[in-house]
Amino acid sequence: MPAVHHKLLLEEALQDSPQTRSLLSVFEEDSVMLTDYTNQLLHSMQRVFGAQSEMGLATEQLSKQLLDYEKKNFALGKGDEEVIATLQNFAKTVGELNSLHADLANQMADSMVFPLIQFREKDLTEISTLKEIFGIATDEHEAAMVKYSRLPKKKENEKLKSDLVKEVAYTRRKQHQASLQYYCALNALQYRKRVAMLEPMLGFTQAQVSFFKRGLEMASKKMDNMLSSVSSMTRNIQNQLDSEAEAMRVAQKELLSVEDTVYMPDRDTETVNRTLIQKAGYLNIRNKTGLVTTAWDRLFFFTQGGNLMCQPRGAVAGGMVLDLDNSSVMAIECEDRRYCFQITSPSGKTSMILQAESKKEYEEWICTVNNISRQIYLTDNPEAVAIRLNQSAIQAVTPITSFEKRQEGSADPDRAKPGGASNGSQKTGPPEPEDLIAPGTPIQFDIMLPASEFQDQNRAGGRRTNPFGETDEDCSSESDDSLLQQVFAVRFLGSMAVRCGNNQEVIYEAMRQVLAARAIHNIFRTTESHLMVTSSSLRLIDPQTQVVRTSFQLRDVCQFAAHQENGRLMGFVVEGRDWSDGDEEGAPSFSAFVFESNTEGEKVCYTISLAKDITEAKKDPDALAELMKNMPLTNDGKFLLLEADASDASNADGPEDLESEA
């Protein structure tokens, strides 16, 4: 006899994935259809039992109903061919029995009507009750997860967090128990429904044969053989049910014997895998419900190739949400929710904000999206490539804290110099990343001077710098700066040595590598400074002490640009000299600096461009006068007005260590 191949796997009850939910809906649809069919069959049998005078019509209707079993398209497929063939034989036999006797009533009630009523009231009602319990447990778990997801990141209440964690574990265990019982009942129903279809007809036929005492030996032998075959069939099915029920009971006991930590979210003992190229799990996604209002939905997300897919509960398959190729991912501060990150498409027109359940999931999702965005999955061995890139990113992070020590951290200084790799033939077309930045070049994430350098600066006469100019007769350079002084609030993201300074692509590549390294290593805090652009230099000033952290001569800034898609990012390249080779003039060296501004990066770049124009115009008094004539001045006629947002400078006086969207 063919076994039942369709069943719900108890091992997948805890994960409660959309695939399991989809298969569960098929079983539920099957049980609903079976309930309808059982009610119809029972109605037919009760009609036979109660309509002695109309036995011919009742048996005819019953015969038709038995034949309809073959035509029923159950969700899990049609019934077994043996069951269908047996029911067809029963239908033929019922068609021949067109007279009843009063003594048949008790036998029919005991052997035909009662088993089916018992099946409906016991088994089908149990399925309906377990379904309601499972639904209630699911709703309680979802409500507990919503409250847990809303735990604030700041001012965390340990007692509240502990209570919510216990509540999540309790509801998750309750849902797990309800789902296991529900799955077991649905699996057992696939066996019980087969017995329920055969046992009533077996009792009915036995009652008819035993009562009428048919004298035809051929007919009696034929009937006995059929009844014996059906009895053997039902016994085999019952044995299969008993074996399957015992196996499910053992599996259920093993699955419930796990530790309580399995049900608790955000476990600190789990390690983070940063080399994943595939990821799946539940995330909360933020959706706008109005102009200023938002709502969070908990959906199942997974990656497939280079796409981010989403599959709601009950859906048969998932749909594509975003193409992750060349996309960007970054951690963000989002309202009062923890573990939030944002994925942005390459064009910048599409972005989504997601929340992970735990810190481990949060970090693995960021690393996975970052790996997929580099199209690692298209390589022959994506796992090895992901591991190698992760190790390379780890080696690129060095503990350098001073701009003066930058060149000492380079693994291969010659490769970082322009012309250091020019011995071969020159390439045509767009430059490769290796032509712009040497592989393995260290990245500096902080511009804070060490304590010793800060003290030396103060002993050397370092003094507070007024961002709106100072009047000092001894400072001729500052008198030149009076032609242009503009202050911007910026956050330093990183800097690194580059190979050339005459190509804006080197700035874009430096931005990409700095942001990627920050995402991989979860470096989200930045140093806030005031960037003062004057007609002779660029100065980074501490917003609290007004001490100049570092300064760049404007003539050394050989390239500057804002990001093509993220307008808040900007960077510039500074040219220096390397005397390590003993050359009197010194070989040129270049360093790229990446910043995030409160205002548009284009505005900062425009101001730097204007400063360079003023520098050139200083050589010709007439040209300088013409340039100043076209620029609006302050009331004292001293500074240029560049429509600076006063709130930018005031907001920049906050704490230095802020978390950036980068």
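User: Is Tyr69 buried or exposed?

Analyst: Tyr69 is buried, with a relative accessible area of 3%. Buried means under 20% relative accessible area, exposed over 50%, and partly exposed in between, with a 1.4 Å probe and protein chains only. Bear in mind that this is a predicted model, where local features need pLDDT of at least 70, side-chain atom pairs count only at pLDDT 80 or more, and totals for chains, interfaces and linings use all residues. Residues are numbered from 1 along each chain as its sequence is written, and side-chain values use heavy atoms, with hydrogens and water left out.

User: OK. How many aromatic pairs are there?

Analyst: The count is eleven aromatic pairs. Rings of Phe, Tyr and Trp (its six-membered ring) pair if their centres lie within 6.5 Å; planes under 30 degrees apart are stacked, over 60 edge-to-face, and the rest tilted. Take Tyr37 and Tyr69: their ring centres are 5.7 Å apart and the planes sit at 55 degrees, so that pair is tilted.

User: Where do Tyr37 and Tyr69 lie?

Analyst: Tyr37 is in helix α1 (residues 18-50), while Tyr69 is in the loop between α2 (55-68) and α3 (81-96), so the pair ties together parts 32 residues apart in sequence. Helices (H or I, at least four residues) and strands (E, at least two) are DSSP runs, numbered from the N terminus. Tyr37 is buried too, at 1% relative accessible area.

User: And what about Phe552 and Phe593?

Analyst: Their ring centres are 4.9 Å apart with planes at 55 degrees, so this pair is tilted. Phe552 belongs to strand β11 (residues 548-553) and Phe593 to strand β14 (residues 587-597), so parts 41 residues apart in sequence are tied together. Phe552 is buried at 9% relative accessibility, and Phe593 is buried at 4%.

User: Switching topic: which residues lie nearest the centre of the second largest pocket?

Analyst: Gln15, Arg172, Val262, Arg298 and Glu357, out of 25 lining residues. A pocket here, on a 1 Å grid over the protein atoms alone, is an open set of points where a 1.4 Å probe fits, with protein on both sides within 12 Å along at least five of seven lines; lining residues have an atom within 4 Å of a point.

User: Which element gives the largest share of that lining?

Analyst: α5 does, with four residues.
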